[in-house]
Amino acid sequence: MIYNASQFVFKAPEAISRARRVLIKPSAHFAAGYPVTTSKDIIARIIKGIRWISDADIILLDGTPNGEPIRPIYQSLGYDFPRVLTLDVKDSTWVEVDNPLPKPFIIPTFWVPNIILSSDYLISVSPLKVNKGQGELTMSNLMSLLPVAKYGGNKDGWKNLYALGLDKVLADLYFTLPFDMSIIEAKQKFIVGDDPMHGTAEEVGKIFIGRPLDVDTEISESLGIKADYLENIKLGRQEIEV
């Protein structure tokens with residue numbers, strides 16, 4: 001579904017009314033506001049919608065590419081929501097999860113935070129970005145749930161994963177870490193290069209919401225944004241259905 005950004009009201013799906021724990025994954029890697037990171041405003045709207053139908057525990061979870069603590073960034077972004085627990089990926093207990101694809105593209109297992117496996121409903125919320133011609137959409141947002149120390153070396157982001165081919169890594173991640181909902185905050189399209197904190201912003205004025213693959217596909221097709229991993233996901237889905 002596509003909403004006008006200024007009129008967006010989050011209507012929580014019925015499944016959330018049965019959840020005991022809802023996990024929200026923002027894009028909060030840097031101490032800079034929207035469109036570099038997920039805005040406080042949209043997270044507040046999502047929390048309000050959840051609270052309308054549920055008293056579930058709500059958790060915000062993200063990590064930084066250099067392995068530094070994320071709590072100071074949460075504070076700088078104004079992520080101080082009442083009755084919401086803010087957690088740092090680097091403090092997680094890690095669990096190795098199998099990729100369910102019969103023939104993984106590149107990674108047969110991922111190490112993921114245990115808190116994800118014990119949450120009942122998973123929501124990814126991220127700004128709309130284009131980095132060197134490729135869309136950074138739902139699946140790119142989930143990369144920072146993975147341990148930097150394992151996938152990039154100490155304080156080196158997820159360098160090792162990028163070296164394997166991001167279109168394959170993100171496709172494998174899609175099947176291994178299935179989120180229930182994606183929300184792309186497309187008030188603007190933020191175009192960046194080597195510096196993720198500086199770029200060019202173009203007005204879009206939309207909010208995209210739905211299942212992760214549907215959202216990423218809709219954005220790619222309607223806005224003409226390349227996302228090479230989408231073709232791999234399609235191939236993987238065909239493999240599972242055979």
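**Close-up views of a predicted model**

**View 1. Lining of the largest pocket.** At least two lining residues of the largest pocket come from each of strand S7 (121-131), strand S8 (134-136), helix H5 (138-141) and helix H8 (166-176). The model is predicted, with pLDDT of at least 70 needed for local features and 80 or more for side-chain atom pairs, while totals for chains, interfaces and linings use all residues. Residues are numbered from 1 along each chain as its sequence is written, and side-chain values use heavy atoms, with hydrogens and water left out. Helices (H or I, at least four residues) and strands (E, at least two) are DSSP runs numbered from the N terminus. S7 gives the largest share of this lining, 4 residues.

**View 2. Centre and composition of the largest pocket.** The largest pocket holds about 660 Å³ of space. Its lining has 30 residues, and those closest to the centre are Asn131, Glu136, Ser140, Tyr162 and Leu166. A pocket is an open set of points on a 1 Å grid over the protein atoms alone, where a 1.4 Å probe fits, with protein on both sides within 12 Å along at least five of seven lines; lining residues have an atom within 4 Å of a point. Sorted by class, the lining comprises 13 nonpolar, 11 polar and 6 charged residues; Tyr counts as nonpolar and Gly as polar.

View 3. Asp194 and Lys132 form a salt bridge through their side chains, at 2.8 Å from N to O. Asp194 sits in the loop between strand S9 (181-192) and strand S10 (199-210), and Lys132 in the loop between S7 and S8, so the pair ties together parts that are 62 residues apart in sequence. Asp194 is exposed at 70% relative accessible area, and Lys132 is exposed at 60%. Buried means under 20% relative accessible area, exposed over 50%, and partly exposed in between (1.4 Å probe, protein chains only). A salt bridge has a side-chain nitrogen of Lys or Arg within 4 Å of a carboxyl oxygen of Asp or Glu, and by this rule there are 11.

**View 4. Salt bridge of Glu185 and Lys187.** The side chains of Glu185 and Lys187 are joined by a salt bridge of 3.1 Å, N to O. Glu185 is buried, at 1% relative accessibility, whereas Lys187 is partly exposed, at 25%.

**View 5. Ser92 in its loop.** Ser92 is placed in the loop between strand S4 (84-88) and strand S5 (94-98). With a relative accessible area of 17%, Ser92 is buried. A polar atom of the Ser92 side chain lies 2.7 Å from the backbone oxygen of Val89.

How values were computed:
Points joined across faces, edges and corners; volume = space filled by probe spheres on them. Polar contact = N/O pair within 3.5 Å; in protein donor to acceptor, adjacent residues only side chain to side chain.
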